[in-house]
2 protein chains.
Amino acid sequence: MDRLHQPLQLLPADEVAVRVAKITAAMPDGVDMLLVNDNVNLFYLTGRVFLGYVLIERDGAIRYFLRRPSVLTGEEVTEIRRPADMLGHVSFEGKTVGLMEDETPYSSLSRLADALGIVNYVNGSGCLRSARAVKTPLEIRLMKECGMRQTEVYRRIPHLYREGMTDIELQVEIERALRLAGCLGQFRCSGSEMEIFMGNVITGENADAPSPYDFAMGGAGLHPSLPVGADGSIICPGKPVMVDMNGNFNGYMTDMTRTFIAGEPSAEIERANSLSRDICAAIADAAVPGAECKALYALADEMVREAGMEPSFMGHTFHAGFVGHGLGITINEPPVLAPRSRDVLQAGNTIALEPKFVIPHVGAVGVENTYVVRPEGSAERITLAPEELVQL
Amino acid sequence: MDRLHQPLQLLPADEVAVRVAKITAAMPDGVDMLLVNDNVNLFYLTGRVFLGYVLIERDGAIRYFLRRPSVLTGEEVTEIRRPADMLGHVSFEGKTVGLMEDETPYSSLSRLADALGIVNYVNGSGCLRSARAVKTPLEIRLMKECGMRQTEVYRRIPHLYREGMTDIELQVEIERALRLAGCLGQFRCSGSEMEIFMGNVITGENADAPSPYDFAMGGAGLHPSLPVGADGSIICPGKPVMVDMNGNFNGYMTDMTRTFIAGEPSAEIERANSLSRDICAAIADAAVPGAECKALYALADEMVREAGMEPSFMGHTFHAGFVGHGLGITINEPPVLAPRSRDVLQAGNTIALEPKFVIPHVGAVGVENTYVVRPEGSAERITLAPEELVQL
């Protein structure tokens with residue numbers, strides 16, 4: 001394999017330059033440099049995960065410190081054994097350093113600062129997060145690739161279903177189809193709380209089981225150590241099956257949900273799925289640069305109220321407090337489309353819209369799509385599986 | 001499903017009492033209480049994951065603060081909306097509080113301390129970690145169950161193989177078999193660095209690809225965003241296939257590796273697998289309470305030297321610096337069997353022994369087993385698949 005033992009700069013230099021420019025533009029006054037150590041941000045800056053550090057100075061100078069493996073070469077790359085070995089190459093004295101406080105455990109970050117003699121440090125995570133929220137053309141291409149590959153697998157889901165299956169049995173067949181199609185499996189979340197395996201397949205009343213996380217529909221899960229998703233319910237005719245599975249094919253993720261059903265859907269289910277599609281389309285139309293995310297949430301809310309569907313919108317027993325979220329290397333990034341969000345859309349944002357409904361004693365219904373906010377015109381949908389209810 | 005909407009104390013009260021007694025025994029002088037917030041330790045203390053906090057006082061008093069869902073009931077349980085709501089029920093003033101500094105991001109932990117007015121805090125993670133390292137009889141039963149269920153799936157691996165398969169194709173069939181057998185999939189690691197999906201299947205030269213982590217054999221992985229494990233290599237006759245896949249069936253994990261081969265194994269491969277088995281058996285014999293982990297590592301080292309196998313022990317291009325590790329809710333816990341380990345075995349420790357070899361241009365060979373350290377006699381193996389090379 002050509003991936004073996006091949007030291008290289010995986011991202012083109014001009015791509016790195018664009019990303020670094022966005023990061024330094026987001027650096028607050030008084031911050032001299034950023035020191036990056038977490039997998040998500042190392043991947044963003046280099047195109048691969050390794051054990052080590054990337055240092056970004058305010059003027060855009062970038063240096064790489066590799067502990068292992070030896071995957072990068074070049075003048076800016078130094079191999080080190082311990083963090084303190086950086087001190088031969090860079091001085092932190094008198095500097096204010098942005099550290100990855102949102103991604104790094106308290107003790108690891110404190111030890112790192114101690115080892116490097118960094119006395120003044122601030123939270124630098126936001127600089128990376130805001131840069132990552134506006135995708136480059138290369139990142140958008142990667143996400144479109146995910147959307148296409150995920151769509152191919154979603155189209156095959158009816159063929160994976162057999163009568164009498166449980167939710168988890170169907171989920172496992174979807175997992176297998178995704179993995180054989182190249183899905184990497186890893187479901188990266190921002191923050192340390194949320195744990196998801198490869199996504200969720202939820203049918204019937206399980207949609208109403210409360211989750212520890214801010215999900216529209218949680219699902220009880222198979223075990224209290226991972227209380228989310230499929231719970232072993234048999235898929236019954238007339239009960240919707242909501243499929244929301246992993247779209248990570250290249251380190252980026254797309255998020256797509258479709259609702260499947262064995263037997264005939266009731267008018268209520270048809271209506272909920274149609275409203276979900278209409279809300280997606282309306283928000284996508286309004287999702288232009290400069291749009292306020294709280295206004296986009298309000299648009300959804302208004303359509304739901306007009307249809308009298310508030311009691312089941314984004315959950316029934318428990319209501320999730322948003323209708324959409326940014327995504328990229330992780331599934332939960334800015335911007336967030338929520339009632340009190342201060343986020344304003346920018347061209348290059350990638351957002352998932354998921355206006356979903358939980359109909360009591362019936363189940364979860366709705367679609368979710370991933371969109372790219374474009375410089376002009378409506379947002380572009382990049383998860384292109386048909387949005388109609390799909391017959392199993 | 002009976003898991004829905006069912007508030008209950010999932011762990012028996014006497015089990016909780018035993019665990020809490022171990023935790024308070026590990027509290028350093030001067031620490032008044034521990035505040036637990038991370039999924040692994042919440043699961044340890046309650047038998048389920050939720051969003052909230054558990055407070056343990058030095059005298060063993062325990063209180064539960066639930067944000068969601070409402071899964072626990074009882075006098076000691078309080079439902080809260082925000083962390084600050086705890087202040088109506090407990091005062092941290094003048095107290096020294098152990099916080100979960102190894103598990104919680106720097107910014108989350110700082111915000112939590114601020115919200116609760118906790119000025120004096122120390123790292124309380126070690127108290128939980130050392131308690132968790134000594135399993136209770138209930139935990140040992142759960143881990144034995146994992147070992148049995150994992151073994152059942154491993155026995156079926158030859159039937160999953162088809163000629164011409166790649167490593168990842170075989171891995172996906174093993175993933176499916178594990179999942180259909182009830183494996184939860186989630187592969188919990190301590191620390192924020194290590195990312196693994198559902199384990200690794202490695203064949204041929206890919207065993208020699210360096211990894212960011214301290215693994216005997218890394219594998220290049222399918223993509224630089226997850227640079228570990230199978231890389232798409234075709235499984236060739238005469239080249240070993242090392243299978244090291246997820247044993248999480250109930251929130252606990254067992255760790256088991258077996259080596260498979262299509263065609264006839266060479267004498268060199270046979271010899272390496274035999275030596276791996278012999279080292280496991282020798283360490284298991286010596287793994288009694290009071291044994292020094294560095295002495296157990298030295299025992300392995302001596303057997304490897306006698307056999308002249310140092311160049312391929314625990315890797316070829318890169319050598320991992322250990323031969324075994326504790327495990328339980330996460331895959332990497334104390335004790336560690338490494339040259340400079342200060343750990344001393346205790347009855348109730350559960351350890352994985354993995355003396356593995358990478359033969360250049362051939363591949364990875366060896367076994368890995370999970371053991372329980374018993375009050376008397378040798379450690380008990382709980383991953384019971386046959387240890388011989390398995391014909392594909």
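**Exercises on a predicted two-chain model**

Buried residues (20 or more other C-beta atoms within 10 Å of their own, C-beta placed from the backbone) make up 56% of the 392 residues in chain A. The model is predicted: local features need pLDDT of at least 70, side-chain atom pairs count only at pLDDT 80 or more, and totals for chains, interfaces and linings use all residues. Residues are numbered from 1 along each chain as its sequence is written, and chains are lettered from A in the order in which they are written.

**Exercise 1.** Find the edge strands of the open sheet with 6 strands in chain A.

*Solution.* Write the order: S4-S3-S2-S1-S5-S6, with mixed pairing. Strands pair if DSSP finds at least two bridges between them. S4 (77–79) and S6 (120–123) of chain A each have a single partner strand, so one side of each lacks a neighbour in the sheet. Now look inside: S1 (33–36) and S2 (51–57) of chain A run antiparallel, joined by 4 bridges. Met33(A) stands opposite Glu57(A).

**Exercise 2.** Describe the side of chain B that touches chain A.

*Solution.* Count residues in contact (C-beta atoms, placed from the backbone, within 7 Å): 55 from chain B and 56 from chain A. On the chain B side, H7(B) gives the largest share, 5 residues.

Conventions:
Buried ≥ 20, exposed ≤ 12 C-beta atoms within 10 Å, placed from the backbone. Contact = placed C-beta atoms within 7 Å. Helix = DSSP H or I, 4+ residues; strand = E, 2+ residues; numbered from the N terminus. Nonpolar A, V, L, I, M, F, W, Y, C, P; charged D, E, K, R; others polar.
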